[in-house]
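Thanks for coming. I have one structure to go through today, and I will start with the overall picture before turning to single residues. Here it is.

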Amino acid sequence: MPATIAWVSDGEQAQPRRRRNRRRSRRRAGPPEIRTQNGKVDGKATGSAKSGRSRSGKRGPERLRTVHETSAGGLVIAGIDGPREDQVAALIGRVDRRGRMLWSLPKGHIELGETAEQTAIREVAEETGIRGSVLAALGSIDYWFVTDGRRVHKTVHHYLMRCSGGELSDEDLEVAEVAWVPIRDLASRLAYADERRLAEVADELIDKLQTDGPAALPPLPPTSPRRRPQTHSRAHHRRRDDNLPGAKNGRGPGP
């Protein structure tokens, strides 16, 4: 059956095209369409979402909170009144992430109600098993690091100490190894330059002690018990593992 063709005039053909153009222009002038999670189109979008994205994109990184921590420790010497070649110091070793054994002075946070000297005595005993008494101040070290979303400024006070007893032990969970190290070997054994400089100060003080007696040592700087608890940064130290390179049984030669 032949198709039926309807003839229209030129005017009638132009009119629908104008209506279609007007509908398209109205759609273009309307608000932008936003497709929701279920696939439907929501025509009620406003400029707030766009402006919110632009505002959030301009935000910079959050500023880290700065905290201050204070610790104390000591260089405890066995045989400090005897011949220099027989003097040894108790050091602690910790294994870093590369599996290296790093040797340093025992130290720890000053707790509520403690002075720096009391903390040094306690930390030396806890980390090495050695009891000691404070003779003189060696100096302080301060440094910065970032941990747990905080920027930490840490100050550590160090003291020269006389060994008064105890037995070398590595029972502290944060210590991989402890050892008696000859005084002459401290410069090559200590891992950190600041602590090597403290060992040089200790060497000079020991000379004064043996030459002129305890009165020749500089007086201890005044300290007061800590009145407020401080925030301790979590130390990510690894416990000693016999399979780690350089790990031993934690026992060095006796004093």
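One definition first: the accessible areas I quote come from the Shrake-Rupley method with a 1.4 Å probe. On that basis, the accessible surface of this protein comes to about 16600 Å², and 50% of that surface belongs to carbon and sulfur atoms. Please keep in mind that this is a predicted model.

Now the layout. There are 5 helices and 9 strands in the protein. Reading from the N terminus, the order of elements is α-β-β-α-β-β-β-β-α-β-β-β-α-α. Of the 255 residues, 35% are buried. As for contacts, take those with a separation of 6 or more: 72% of them join residues 24 or more positions apart.

Next, the interior. As a general point, nonpolar side chains in soluble globular proteins tend to be buried together. In this model the largest nonpolar core holds 27 residues. Which of them touch the most other members? Those are Leu-75, Ile-77, Ile-80, Leu-91, Leu-138, Leu-160 and Leu-186. Strands E3 (65-78), E4 (88-95), E5 (101-104), E7 (130-147) and E9 (177-182) each give two or more residues to this core, as does helix H5 (193-212). The largest share is that of H5, with 6 residues. There is also a second, separate core of 18 residues, and Val-76, Ile-92, Met-161 and Val-175 are among them.

Let me stay with Leu-91 for a moment. Leaving out residues up to four places away in sequence, Leu-91 touches Leu-75, Trp-103, Ser-104, Leu-105, Glu-177, Val-178, Ala-179, Val-181, Leu-186, Arg-189 and Leu-190. Two of those names come back with Ala-199, a residue of helix H5. Is Ala-199 buried or exposed? Its relative accessibility is 12%, so Ala-199 counts as buried.

Arg-184 gives us two distances, both C-alpha to C-alpha. From Ala-199 to Arg-184 there are 15 residues in sequence and 9.7 Å in space. From Glu-85 to Arg-184 there are 99 residues in sequence and 7.6 Å in space. Glu-85 is in the loop between E3 and E4, and it counts as exposed because its relative accessible area is 55%.

Another loop to look at is the one between E7 and E8, where Asp-148 is found. Its phi is near 55°, a positive value in a residue other than glycine. Asp-148 has a relative accessibility of 37% and therefore counts as partly exposed.

Rolling a probe the size of a water molecule over the atoms shows where empty space is left. The second largest pocket has a volume of about 200 Å³. Its lining is made of 16 residues, and the closest to the centre are Ile-110, Ala-116, His-157, Tyr-159 and Thr-223. Which elements give two or more residues to the lining? They are E7 and strand E8 (150-166). By type, the lining residues divide into 6 nonpolar, 8 polar and 2 charged.

Terms used. Residues are numbered from 1 along each chain as its sequence is written. This is a predicted model: local features need pLDDT of at least 70, side-chain atom pairs count only at pLDDT 80 or more; totals for chains, interfaces and linings use all residues. Side-chain values use heavy atoms; hydrogens and water are left out. A nonpolar core is a set of buried Ala, Val, Leu, Ile, Met, Phe, Trp, Tyr and Cys residues joined through side-chain atoms within 4.5 Å. Buried means under 20% relative accessible area, exposed over 50%, partly exposed in between (1.4 Å probe, protein chains only). Helices (H or I, at least four residues) and strands (E, at least two) are DSSP runs, numbered from the N terminus. Contact means heavy atoms within 4.5 Å. On a 1 Å grid over the protein atoms alone, a cavity is a set of points where a 1.4 Å probe fits but cannot get out, and a pocket is an open set with protein on both sides within 12 Å along at least five of seven lines; lining residues have an atom within 4 Å of a point. Grid points are joined across faces, edges and corners, and a volume is the space filled by probe spheres set on the points. Ala, Val, Leu, Ile, Met, Phe, Trp, Tyr, Cys and Pro count as nonpolar, Asp, Glu, Lys and Arg as charged, and the others, Gly among them, as polar.
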